Amino acid sequence: MARDEGPVADGTEGWDAQAVRARLDALARLDPDLTRFGSDAHRYRLARSLSEAEIRAFEERYAVRLPASYRDFLARVGGAGAGPDYGLLPLDGPLAPDSDDAVDDLQEQDRRPGFLATPFPLSAEWRREPAGRFDEEAERARVAGSLVIAESGCGEFVRLVVTGPCAGQVWFDDMTWGRIVPGPGFRAWYLAWLAK
């Protein structure tokens, strides 16, 4: 993945938390009525960043190493909040009281023993056959090794691959229409949203 240059790059492919926060402040000033999709949920605010101990505890509990760009974001920028769609979900811990039941269910699924440590099985877009029946176990197996990091609404979620050859890549999981589409790396995904 090519390094992203710009106001949030610090020259080491890490995150410049001050630059990200300054851009979020600018977005909030440009959108005081919170009309941009999802902004009424995150309000252009980030939760506190996570400590190395908190991140390491998550990784040890689920036997994974989080992708570097996401891990660095959590440690240097914020643990949840402002981001694409309805914002970044917390890595661990409770969701907001008004969170969608589907998000709760997916986060519970992602934290089942062995789920995140299982290599993500896909390398290209996948679509359920039009006449195919919904098979919950098969659907679960298709997203093993990935973590739900955002909700897009209407049965659509953003997943970050944490295990396997696609680790660090964002995938768009449309549960309603039965398709999973690959996207960019976490960093490119977040920076594209910031740049809009």
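## How the chain folds up

Among contacts in the chain between residues at least 6 apart in sequence, 61% join residues at least 24 apart; contact here means heavy atoms within 4.5 Å. What you're looking at is a predicted model, where local features need pLDDT of at least 70, side-chain atom pairs count only at pLDDT 80 or more, and totals for chains, interfaces and linings use all residues. Residues are numbered from 1 along each chain as its sequence is written, and side-chain values use heavy atoms, with hydrogens and water left out.

The chain has seven helices and five strands. Helices (H or I, at least four residues) and strands (E, at least two) are DSSP runs, numbered from the N terminus. Read from the N terminus on, the order is α-α-α-α-α-β-α-β-β-β-β-α. Of the 196 residues, 48% count as buried, where buried means under 20% relative accessible area, exposed over 50%, and partly exposed in between (1.4 Å probe, protein chains only).

pLDDT is the predictor's confidence in each residue, from 0 to 100. The chain's mean is 86, and 85% of its residues reach 70 or more. Among the elements, helix 4 has the highest mean pLDDT (97) and helix 5 the lowest (76).

Where pLDDT is low, the predicted coordinates should not be read in detail.

## Helix 1

Helix 1 covers residues 17–30, and you can check its length yourself. The expected span of a helix is 1.5 Å times one less than its number of residues. For the 14 residues here that should be 20 Å, and the end C-alpha atoms are 20 Å apart, which agrees.

## The nonpolar core

A nonpolar core is a set of buried Ala, Val, Leu, Ile, Met, Phe, Trp, Tyr and Cys residues joined through side-chain atoms within 4.5 Å. In soluble globular proteins, nonpolar side chains tend to be buried together. In this chain, the largest such core has 44 residues, and those with the most contacts inside it are Leu66, Tyr70, Leu147, Phe186, Trp189 and Tyr190. Several elements each supply at least two residues of this core, including helix 1, helix 3 (52–62) and strand 2 (146–153). Helix 7 gives the most, with six residues. Apart from this core lies another, of five residues, among them Leu89, Val103, Leu106 and Phe157.

Helix 7 is mostly covered, as seven of its 10 residues are buried. Phe186 sits in this helix, and at 2% relative accessibility it counts as buried. Leaving aside neighbours within four places in sequence, its contacts include Trp15, Tyr70, Phe73, Ile149 and Val170. Phe186 and Ile149 are 37 residues apart in sequence but 10.0 Å apart in space, C-alpha to C-alpha.

## His42 and its surroundings

Beyond its neighbours within four places in sequence, His42 is in contact with residues including Gly81, Asp85, Tyr86 and Trp193.

Most residues other than glycine have a negative phi. Arg43, however, has a positive phi near 55°; Arg43 is in the loop between helix 2 (39–42) and helix 3 and, at 40% relative accessibility, counts as partly exposed. Asp85 is not a glycine either, yet its phi is positive, about 60°, and Asp85 lies in the loop between helix 4 and helix 5 (101–110).
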